[in-house]
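Me: Please present the model that is to be discussed. The questions will follow its display.

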Amino acid sequence: MDNTKTVADYEALLRSHHLGATPLQVAVIRIMQEEANHVTADFLYEHLKKDFPGIALESIDLTLEEIVEAELVRRYRIDNREIFDIKIELHDHAYCKSCGEIVELPKYEFKILPGRLAEWVIMGKTRVWYGTCPDCLSKE
Ligand SMILES: [Zn+2]
Ligand SMILES: [Zn+2]
């Protein structure tokens with residue numbers, strides 16, 4: 001992960017996507033680039049509440065909405081949770097049902113589309129592979 005960026009770099013990135021570069025936007029982008037590529041709003045809330053005393057979860061939801069809208073972050077639904085992903089290109093994930101770990105999978109293309117899908121214009125596809133990770137398996 002990239003740890004060499006400054007606050008000014010993040011502000012510039014946000015502004016180049018027509019965002020106001022609020023301190024909360026900077027903090028969220030920074031965590032996602034430097035600490036965790038896949039986050040939930042709750043995870044961010046836990047990480048940000050000491051730097052932003054009194055912050056509401058709604059403010060984090062709103063900030064995530066803004067950066068998703070600006071196409072800096074992609075939103076997925078995995079196992080009924082909203083996951084925000086700093087990697088904007090569509091890709092597949094493997095998800096551990098026990099601990100929630102998310103692993104990115106290399107790009108895998110269907111060569112032949114099933115049935116009528118062959119006539120579709122496909123704009124994106126993304127899959128989630130469910131399972132149990134080795135760490136969780138070793139604890140069973
Ligand atoms: Zn696990
Ligand atoms: Zn991902």
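Reply: A residue is termed buried if 20 or more other C-beta atoms lie within 10 Å of its own, exposed if 12 or fewer, and partly exposed in between, with C-beta atoms placed from the backbone. This is a predicted model, in which local features need pLDDT of at least 70 and side-chain atom pairs count only at pLDDT 80 or more, while totals for chains, interfaces and linings use all residues. Residues are numbered from 1 along each chain as its sequence is written, and chains are lettered from A and ligands numbered from 1 in the order in which they are written.

Me: What percentage of the residues of the protein chain count as buried?
Reply: The C-alpha atoms fill a box of roughly 50 × 45 × 30 Å along the principal axes. Of the 140 residues of the chain, the share that counts as buried is 16%.

Me: Which pattern does the protein chain follow along the sequence?
Reply: Helices (H or I, at least four residues) and strands (E, at least two) are DSSP runs, numbered from the N terminus. The chain has five helices and six strands. Read along the sequence, their pattern is α-α-β-α-α-β-β-β-β-β-α.

Me: How many residues of helix α1 are buried?
Reply: Helix α1 spans residues 7-16 and has 10 residues. Just after α1, His-18 takes a positive phi of about 60°. The helix lies largely in the open, because its number of buried residues is one.

Me: Which residues is Ile-67 in contact with, leaving aside its neighbours within four places in sequence?
Reply: Two residues are in contact if their C-beta atoms, placed from the backbone, lie within 7 Å. By this criterion, and with those neighbours left aside, the partners of Ile-67 are Leu-19, Gln-25, Val-28, Ile-29, Leu-72 and Val-73.

Me: How far apart do the C-alpha centres of domain 1 and domain 2 lie?
Reply: The domain bounds, which come from an automatic or database domain assignment, are 7-85 for domain 1 and 92-139 for domain 2. Five residues from domain 1 and six residues from domain 2 take part in the contact. The C-alpha centres of the two domains are separated by 24 Å.

Me: In which order do the three strands form the open sheet?
Reply: Two strands pair if DSSP finds at least two bridges between them. Strand β4 (residues 92-96) is joined to β5 by four bridges and runs antiparallel to it, whereas the four bridges from β4 to β6 join parallel strands. β5 (102-105) and β6 (128-131) each have a single partner strand, so both stand at the edges. The pairing is mixed, and the order is β5-β4-β6.

Me: Which residue is the bridge partner of Ala-94 in β6?
Reply: On the β5 side, Ala-94 has Val-103 as its bridge partner, and Tyr-95 has Ile-102. On the β6 side, the bridge partner of Ala-94 is Trp-129.

Me: Which residue in the turn of the β4 and β5 hairpin has a positive phi?
Reply: Five residues lie between β4 and β5 in this hairpin. The phi is about 85° in the turn, and the residue that takes this value is Gly-100.
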